[in-house]
Amino acid sequence: MKQAIIDIGSNSMRLTVYEVAGETFKILFREKSMAGLAGYVEEGRLSPEGIARACSGLLEFRETLAALDITAVAVFATASLRNIFNTAEAVWAIQTATGFSVEVLSGTEEALLGYYGAGLEVHCTSGAFLDIGGGSTEVVVFDQGQPVQSASFRMGSLSLYRSYVKKILPGDGALKRMKEAIEETVEEKALLDFSRCTHLICVGGTARAALKLCKKVYHLTPGSRTITMEQLEGLCQTLETGDQNAIDLLLRHVPERIHTMVPGLLILRHLGRLFETKKLVVCKYGVREGYLCQKVLQIEQNNTDTPKTGS
């Protein structure tokens with residue numbers, strides 16, 4: 001059977017179609033719309049233009065699914081609809097206009113589903129999981145294959161950009177303000193155990209883009225999924241200059257993230273430093289795969305077995 005999952009994020013909206021057989025799945029194709037919904041939040045409310053933008057993206061996805069005769073569709077939203085005052089109004093308007101029922105995940109749900117999804121690809125008994133999105137950042141600390149702590153921070157690559165950057169790339173003042181904001185936001189969740197973490201498992205657009213840039217800058221092998229903290233520090237230093245080399249690097253390899261890349265990297269570096277990690281592992285699976293398995297297929301997590309994924 002074919003199952004579609006749509007993720008309404010703060011920066012991008014993503015459609016993923018899976019071929020599912022029992023408890024096994026494989027990704028057939030992905031489609032993305034850079035909706036930038038966080039940019040339509042005014043005084044804590046998603047504006048009518050933002051709601052219309054979300055509807056437009058969903059209707060485009062619906063056309064794609066109709067053309068492929070795919071009827072099994074599940075839609076969820078994260079910080080894009082969670083961190084606003086008019087959540088109920090926005091959900092009702094979107095459902096009325098598109099016909100899609102939308103589930104808004106809590107921060108804890110998003111964190112744990114992302115952790116579970118990443119675990120389908122990377123098998124690690126202890127460490128920390130990190131998902132940097134456009135409007136929020138989720139962290140799960142796990143030990144012996146079990147989540148022991150989780151936190152959802154109301155900061156993401158796009159929300160930081162919107163709050164502190166006036167131009168495309170941040171200047172010295174904006175960099176300083178973002179670093180201070182990240183530190184203050186993380187300190188609010190001081191109960192998290194930031195003890196030394198060998199592995200930091202990362203998902204999300206910022207992590208994937210960081211891996212792509214590091215492959216180019218440090219000549220990593222095409223199949224590499226890991227970044228060292230030393231490489232991440234070097235990449236941050238390069239991009240923080242905001243010079244022509246930094247601009248060219250972003251435009252050539254991650255042009256859709258030219259404005260959100262530096263804010264996202266600042267979050268990634270800050271948390272990597274707190275966990276004292278030496279290596280970051282970037283996963284292709286995340287919250288959508290976790291949602292598919294636990295919410296749609298209702299597969300119970302069994303940490304003694306290797307999860308079943310298709311090729």
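The largest nonpolar core of this predicted model has 53 residues, a nonpolar core being a set of buried Ala, Val, Leu, Ile, Met, Phe, Trp, Tyr and Cys residues joined through side-chain atoms within 4.5 Å. Buried here means under 20% relative accessible area, exposed over 50% and partly exposed in between, with a 1.4 Å probe and protein chains only. The residues with the most contacts inside this core are L239, M261, L265 and L268. Helix 10 (residues 261-274) gives the most to this core, with seven residues; helices (H or I, at least four residues) and strands (E, at least two) are DSSP runs, numbered from the N terminus. Leaving aside neighbours within four places in sequence, L265 is in contact (heavy atoms within 4.5 Å) with T206, A210, L232, L235, C236 and L239. Another core lies apart from the one described, with 25 residues, among them I6, A35, I51 and I94.

Residues are numbered from 1 along each chain as its sequence is written. In this predicted model, local features need pLDDT of at least 70 and side-chain atom pairs count only at pLDDT 80 or more, whereas totals for chains, interfaces and linings use all residues, and side-chain values use heavy atoms, with hydrogens and water left out.

Turning to the sheet, five strands form an open arrangement in the order 3-2-1-6-7, with mixed pairing; two strands pair if DSSP finds at least two bridges between them. Strand 3 (24-33) and strand 7 (102-104) stand at the edges with a single partner strand each, so one side of each has no neighbour in the sheet. From one strand to the next, the twist averages 25°. Strand 6 (residues 73-77) runs parallel to strand 7 and is joined to it by three bridges, and F76 has E103 of strand 7 as its bridge partner. Helix 1 (residues 48-67) packs on the sheet, touching strand 1 (2-8), strand 2 (13-21), strand 3 and strand 6. The direction of helix 1 makes about 30° with that of strand 2, where axes are lines fitted to C-alpha atoms, for helices over the stretch in contact, and angles run from 0 to 180 degrees between N-to-C directions.

The axes of helix 4 (residues 107-119) and helix 11 (residues 287-296) come within 7 Å and cross at roughly 95°. These two helices are therefore roughly perpendicular to each other, a label for angles of 65 to 115 degrees. Residues making the contact include E109, E110 and L113 of helix 4 and V287, E289 and G290 of helix 11. Within helix 4, E110 is buried, with a relative accessible area of 6%.

Terms used:
Parallel < 35°, antiparallel > 145°, perpendicular 65-115°, else oblique.
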